[in-house]
Amino acid sequence: MTYPVVAISIVTYNSEHVFEVLDNLKKELGSFNEYRICIFDNDSNDDYKEKLNTYKDFADITFYPENKGFGFGHNYNLLKCNAKYFLILNPDIIVTRENFLNMLDVMEKDDTISLLVPKILNSDGTVQHLMRHRLTVFDYALRFIPFRFIKKLFDKRLASYECRNIPNDRLVDIRMGSGCFMLIRGNDYQEIDGFDERFFMYFEDNDLCLKLERNNKRTVYTPFSEVVHFYERGSHKNWKLFKIFITSMIKFFNKWGWQFF
């Protein structure tokens with residue numbers, strides 16, 4: 001099968017796993033010629049940038065002089081790009097050639113799908129439940145509460161929030177997918193002006209999906225392709241990232257309406 005051109009966009013900031021990710025892409029996509037990799041670096045430290053620059057024969061790399069955030073970097077890479085498909089790829093994702101091409105096949109066979117997300121796994125093979133059917137303040141509070149007995153009381157609600165019971169035998173329309181791996185039609189991304197750059201980090205992927213939904217575009221989950229995500233859950237461990245998370249959450253609900261429960 002002949003595939004269209006895919007632009008693979010990666011945004012980095014001292015990202016621990018990016019070199020493993022790039023080496024994996026070299027290995028998996030080496031004989032697949034219809035792609036270009038665009039890396040946007042958000043002013044990482046000098047040693048990191050020096051090492052990243054050794055991949056310049058494999059990727060187009062932009063070293064930006066300041067950290068402008070996740071959405072800004074992807075928009076820089078993609079808003080003027082003319083590829084048919086864009087792959088928004090976190091710098092901590094491992095994907096195989098087979099899974100990548102399977103997703104391209106799905107998009108090529110069904111032009112009503114705007115955005116496609118795969119099954120996302122931890123490195124031990126367990127599933128990360130990153131899709132969302134709804135976003136409320138209460139659900140976010142439940143995720144951050146450290147007391148297991150409270151989480152157990154609301155287990156059914158959390159299961160619904162995290163889409164834990166989503167079917168695994170067919171493609172499923174969803175409301176919001178994770179920005180760690182998104183295969184999206186380039187025209188649809190550009191039609192909604194990509195990511196909202198007011199979100200420095202967090203919630204920009206949910207916002208993107210809701211903008212597509214507002215334009216009557218489909219976001220779809222495929223259980224037939226999977227990727228490995230070295231998920232750090234930084235906002236649960238780092239006070240600075242938690243503050244960024246809360247700031248983005250406030251911006252999100254101010255934009256889309258506050259849902260408390």
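Start by selecting Tyr189: this residue is buried, with a relative accessible area of 0%. Keep in mind as you look around that this is a predicted model.

**First stop: the partner of Tyr189**

A search of the whole structure turns up 22 aromatic pairs. Phe86 and Tyr189 form one of them, edge-to-face, with 5.6 Å from centre to centre and 80 degrees between the planes. The pair joins distant parts of the chain: Phe86 belongs to strand E4 (residues 85-89) and Tyr189 to helix H8 (residues 186-191), 103 residues apart.

**Second stop: strand E4**

Stay with Phe86 and select the whole of E4. Is this strand enclosed or open? 5 of the 5 residues of E4 are buried, so the strand is largely enclosed by the rest of the structure. Turn the view to see which way the side chains go: Tyr85, Leu87 and Leu89 point one way, while Phe86 and Ile88 point the other way.

Next, show the neighbouring strands. Strand E1 (residues 6-12) pairs with E4 in the parallel sense over 4 bridges, and here you can find Ile8 opposite Leu87. Strand E8 (residues 181-185) pairs with E4 in the antiparallel sense over 5 bridges, with Arg185 of E8 standing opposite Tyr85.

Move on to Tyr140, Tyr161, Tyr202, Phe203, Phe245, Phe252, Phe253 and Trp258, and show their side chains. Ring pairs link these residues into a cluster. Within it, zoom in on Tyr202 and Phe245, both of them buried. Their rings form an edge-to-face pair, 5.4 Å centre to centre with 70 degrees between the planes. This pair also links distant parts of the chain: Tyr202 is in the loop between H8 and H9, Phe245 is in helix H10, and they are 43 residues apart.

Tyr140 from the cluster leads you to helix H5 (residues 137-144), where the buried residues are Asp139, Tyr140, Leu142 and Arg143. They lie on the same side of H5, because they cover an arc of only 155 degrees around the axis. What do they pack against? Select helix H6 (148-153), helix H7 (155-161), helix H9 (204-214) and helix H10 (239-256) to see their packing partners.

**Last stop: charges over rings**

Finish with two lysines. The charged end of Lys51 sits over the ring of Phe19, 4.4 Å from its centre. Then select Lys68, which lies over the face of Phe72 at 5.3 Å from the ring centre.

Definitions and conventions. Residues numbered from 1 in each chain as written. Heavy atoms only, no water. Buried < 20%, exposed > 50% of the residue type's maximum accessible area, 1.4 Å probe, protein only. Helix = DSSP H or I, 4+ residues; strand = E, 2+ residues; numbered from the N terminus. Arc of directions from axis to C-beta. Contact = heavy atoms within 4.5 Å. Phe/Tyr/Trp six-rings, centres within 6.5 Å; stacked < 30°, edge-to-face > 60°. Lys NZ or Arg CZ within 6 Å of the ring centre and 35° of its normal. Pairing = 2+ DSSP bridges.
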